[in-house]
Structure formats: structure tokens, C-alpha cells
Amino acid sequence: SFYSYQGARLTMPIFVIALAVIFFQRLLKIKKEMVIAALLGFVLILPALTTFLIGTGQVRFSGVSIFADPGPFWATNELRGQHANPAGLISEIFHNKLQAYGTFFFKNYFEHFSGNFLVISGDPISRNNIPETGVAYLFDIPFLLAGLYFLFKKLDKFWAVPVVWLLIAPIASAITFQSPQATRSEAMVVPLTMISAFGLYHFLKMILPHKKIFVLFLILITMFGIYNFSRYLHQYYVHNPKVQPVAFEFGFAQLVPKVNAVKDKYDKVLVTDRYDQPYILFLFYSKYSPEVFQKEAKLTPRDQFGFSTVANFDKFEFRKINWKEDQNLKNTLIVGTSEEIPENVKIQDLVLNPNGSVAFKIVGT
């Protein structure tokens, strides 16, 4: 998992340490095998570890971590300013960066266990979200609670594993300023499934002697499960494309062929970067040569979070459209949004969203 996702590089070592604590007595009986496994594991993850600690992983962490958000810092300064002596010992004890960012972290962490995230609204980032849908099904929740009850009643070391796993899983997401976040907390899926299944199994086992209740329960939970799943599909296929088409970069599949068909008539193609990083979609839908692209691509300076993107390749330039100035460009094809290109401008072509709104306007100068 060290080679699959940045979040795993933080949560997996914590999980391995937790497993070692839970099964410490068993590990003592196989000391030789444990030492060999630990050394082999360390050698295998060493390349990824060096990247994470001193390479691009550091850039990624500095760009998305809670420390990249200056909000808690300025809030601390504001609270200190309300004291008679802002630099005094009392203000420093109660208002400091450790307290501010610690509170920020725990707020993020516990939001991953909220009903709003799990079953009502899900991830607040629209590209990870289905309208009015959480990251879990509503019918899972009773069994999740039952599973926790039976796990703590059983108190077996093995069944401590999914609980510990569940508690560790959101850490990587909670340490970022975009939280709760479904992809960074994806490790929650496995323990949630295990605990819910454990609860369902023991509940069915408990009511099994009561045949009529058992059959009625199976019918009701099956119907409720089918409804939950059907509603999810309905929200995904019917409403999602119309409610948040921008989240999934809708329109580029239609836009790129239109632009490529006429781009040879122009000296330059100027494309809005209002929708994230459009160069990726132009490369993909154009089947552009990676070898050629790597020679041509020009990057923007790094922003405040340490990220940069592609500003130019081939005839394409990607940036915000400033119509007052850009309308004076000579022999340029301009692709912008309705907010960037006024209503009274004569357009060459349009790309519409599934809900009928304008995704892109194409204008030639």
C-alpha cells in the first residue's frame, strides 16, 4: 500500500504498530520469523519511504495538510488580541498553534463518523459526492451499531482488529484541510463492512429460533436494501450529471473534437482553466503523444500550496479568460465559460451541460 496512495503511507505504519500491540503475545512465540519479516518489509518500502520523507511526498503533504490553511493561525492571533496582554502567559497557554491545529484535526477526524458524512450528504467535495447520498447505505447503520455491540461483548483480540482499523483509517484525511474526504478515508470501507456483517450475522443468529420474525425481518431488510441501492443508482445516473456536471469535467469530450477540427486555422488556442486542469482532458481526448507533450509542456510557478500545472503545450494556452484584453488577441480561438465571455459576443460554437446550461463558449478572433 506504500506504493498505491499517499494516505496509506501515514495510516498503514500506525495500523501495523497497533496489530503488533494487539498480538504481542503471539509475536513473542515467533521472534525469528517476525524479525525476518520486519527487515524484508523495511527493505521493500525503503524507496517509497525516501520519496515520502524527502521527495515529492513532502510537497504533496505541505500542499494539502491542515498546516497549509492559515485560518487556525489567524484565529489564534485574533483570540490573543482580545486579551489585555496578548503576549502574556495566559493567552499563550489557551491560544497557541498546537491547540488551534489540534482542534482542527479532531474536528476533521470526528466528522468522518458523523451521520451527515456516512448516510446523508457524503463528501463535501462535489467530484467525490452523489447528490443527497452518503458514503454508506442507511440500512448499514443498525447493523454497524449491532456489530460494535457484539464485538465489545465478545472482547476477543481478533475482533479488536476492525475497530482499531476503523479508528485509524480517517487519520490521513483528517490531517488535510479538505475534510471529511471520501478517497483519503477509503480504508474505512473494510472495517465498516466487517463490523456491519458481524452485527447482521449475530442479529440473525439471535432471532433465528423465532421463524416468523426471522422471515419477516429478511423480507423487510431485503426490500429496504434494494430501495437504498436503487435510490443510489437513481441519484448517480439521473441527477448527478444535471446537479453537478462541472465536478466530473463534463463537456470536454464534446469540446476537444470541436477545437481540434478548427485549431489549424488559428495561431493560438486559449482555454479557460476555470474547470480545474483542462490540459489533462485535451491530452486524453486528443490522444496526444506523451513523448511530444513532455518536450513541449511549460509549467506554471508553484502556488501557495506547492502545486503547479501545465500552462502551455502545442498551440494551447490554459489560463483564466480576461475578455476585455483577450478579445484583442489576433487569430486566436478562445474557449471560455458564460461568466467569462459576455452574452453579446458572436460565438462560433457551444458545448452544453446535461441540464441545458452552457459549459463552454467557443469564439474566434
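Buried means under 20% relative accessible area, exposed means over 50%, and partly exposed lies in between, with a 1.4 Å probe and protein chains only. Keep those cut-offs in mind on this tour. The model is predicted, so local features need pLDDT of at least 70 and side-chain atom pairs count only at pLDDT 80 or more, while totals for chains, interfaces and linings use all residues. Residues are numbered from 1 along each chain as its sequence is written, and side-chain values use heavy atoms, with hydrogens and water left out.

**Stop 1: T337**

Select T337. It sits in the loop between β5 and β6. Helices (H or I, at least four residues) and strands (E, at least two) are DSSP runs, numbered from the N terminus. Is T337 buried or exposed? T337 is buried, at a relative accessible area of 0%. Now show its contacts, meaning heavy atoms within 4.5 Å. Setting aside neighbours within four places in sequence, T337 touches T272, R274, Y275 and A359.

**Stop 2: R274 and E339**

A salt bridge here is a side-chain nitrogen of Lys or Arg within 4 Å of a carboxyl oxygen of Asp or Glu. E339 lies in the loop between β5 (332-336) and β6 (349-352), and R274 in the loop between β1 and α15 (278-286), so the pair ties together parts that are 65 residues apart in sequence. E339 is exposed, at 59% relative accessibility. R274 is partly exposed, with a relative accessible area of 47%.

**Stop 3**

Select E317 next. Which residue does E317 bridge at 2.9 Å? The partner is K268, and 2.9 Å separates the closest N and O atoms. E317 belongs to strand β4 (residues 316-318) and K268 to strand β1 (residues 268-271), so this pair ties together parts that are 49 residues apart in sequence. E317 is buried, at 17% relative accessible area. K268 is partly exposed, at 25%.

R319 is partly exposed, at 25% relative accessibility. K268, E317, R319 and D326 are linked in a network of salt bridges.

**Stop 4: the nonpolar cores**

A nonpolar core is a set of buried Ala, Val, Leu, Ile, Met, Phe, Trp, Tyr and Cys residues joined through side-chain atoms within 4.5 Å. The largest one has 24 residues. Select L255, V259, F282, F313, F316 and F360, which have the most contacts inside it. Then colour the elements that give two or more residues to this core: α14 (252-262), β1, α15, β3 (310-313), β4, β5 and β7 (358-364). Which element gives the largest share? It is α14, with five residues.

Centre on F360. Leaving aside neighbours within four places in sequence, F360 is in contact with F250, G251, F252, L255, T272, Y275, V335, G336, D349, L350 and V351. Then look for a second, separate core of 14 residues, which includes F15, F23, I66 and F105.

**Stop 5: two packed helices**

Select helix α9 (residues 140-154) and helix α12 (residues 189-207). They pack at an angle of about 80 degrees, with axes 7 Å apart. Axes are lines fitted to C-alpha atoms, for helices over the stretch in contact, and angles run from 0 to 180 degrees between N-to-C directions. α9 and α12 are therefore roughly perpendicular to each other. Angles under 35 degrees count as roughly parallel, over 145 as roughly antiparallel, 65 to 115 as roughly perpendicular and the rest as oblique.

Show the side chains. Residues of α9 in the contact include F143, L144, L148 and F150, and those of α12 include L192, I195, F198 and F203.

**Stop 6: backbone details**

Go to S179 and P180. A cis peptide bond joins them, with omega about 0 degrees. P180 lies in the loop between α11 (171-174) and α12.

Next, select D276, in the loop between β1 and α15. Its phi is near 60 degrees, a positive value in a residue other than glycine. D276 is partly exposed, at 47% relative accessibility.

End at D314, in the loop between β3 and β4. Phi of D314 is near 50 degrees, again positive in a residue other than glycine. D314 is partly exposed, at 37% relative accessibility.
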